[in-house]
Amino acid sequence: QVQLVESGGGLVQAGGSLRLSCVGSGRTSRWYRMGWFRQAPGKERESVARITWGSGVTGYADSVKGRFTISRDNAKNTVYLQMNNLKPGDTAVYYCAVSTSTVSGSNPAAYEYWGQGTQVTVSS
């Protein structure tokens, strides 16, 4: 069983930065991709960034390109999301997730394991 624990959320002013962390445990040998998703009230969960666990290939939503950076530390079973130049529209609960599928991409349904989420609030 895989367990994921996020941390690093909080309240920040527009233009500020936050760094989210997600520590995983369990059968990490089956991990193919880790992703960060977010969900704002009344909206669907959306992909923010993703990284292939082995090769480190990354992908980003257009709305965060140039502002957010995803990275991982395989030795620590940890994935990070560095968020710079935050905007009020980035306010949401942020979740990390793990997929064992090679075709997961940005589709939340393809991720089997999820963390509990961490709140990010950006004030204007």
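Student: Leaving aside its neighbours within four places in sequence, which residues is Leu4 in contact with?

Tutor: Contact here means heavy atoms within 4.5 Å, and on that basis Leu4 touches Cys22, Val23, Gly24, Trp31, Met34, Cys96, Ala97, Val98, Tyr113, Trp114, Gly115 and Gln116. Please keep in mind that this is a predicted model, in which local features need pLDDT of at least 70 and side-chain atom pairs count only at pLDDT 80 or more, while totals for chains, interfaces and linings use all residues. Residues are numbered from 1 along each chain as its sequence is written, and side-chain values use heavy atoms, with hydrogens and water left out.

Student: Which residues have the most contacts inside the largest nonpolar core?

Tutor: In soluble globular proteins, nonpolar side chains tend to be buried together. A nonpolar core is a set of buried Ala, Val, Leu, Ile, Met, Phe, Trp, Tyr and Cys residues joined through side-chain atoms within 4.5 Å, where buried means under 20% relative accessible area, exposed over 50%, and partly exposed in between, with a 1.4 Å probe and protein chains only. The largest such core in this model has 29 residues, and those with the most contacts inside it are Leu4, Met34, Trp36, Leu81, Met83 and Tyr94.

Student: Which strands each supply at least two residues of this core?

Tutor: Strands (E, at least two residues) are DSSP runs numbered from the N terminus. Those that each supply at least two core residues are β3 (18-25), β4 (33-39), β5 (46-52), β7 (68-73), β8 (78-83), β9 (92-99) and β11 (118-123). The largest share, four residues, comes from β9.

Student: How many disulfides does the structure hold, and where?

Tutor: A disulfide is assigned to a pair of cysteine sulfur atoms within 2.5 Å. The structure holds one, which joins Cys22 to Cys96 with an S to S distance of 1.9 Å. Cys22 lies in strand β3 and Cys96 in strand β9, so the pair ties together parts that are 74 residues apart in sequence. The torsion about the S-S bond is about 45°, so this disulfide is right-handed. As for accessibility, Cys22 is buried, and so is Cys96.

Student: Is each of Arg38, Asp90, Arg67 and Glu46 buried or partly exposed?

Tutor: Arg38 is buried at a relative accessible area of 6%, Asp90 is buried at 2%, and Arg67 is buried at 9%, whereas Glu46 is partly exposed at 35%.

Student: Beyond its neighbours within four places in sequence, what is Arg67 in contact with?

Tutor: Arg67 is in contact with Gln82, Met83, Asn84, Asn85, Leu86, Lys87 and Asp90.
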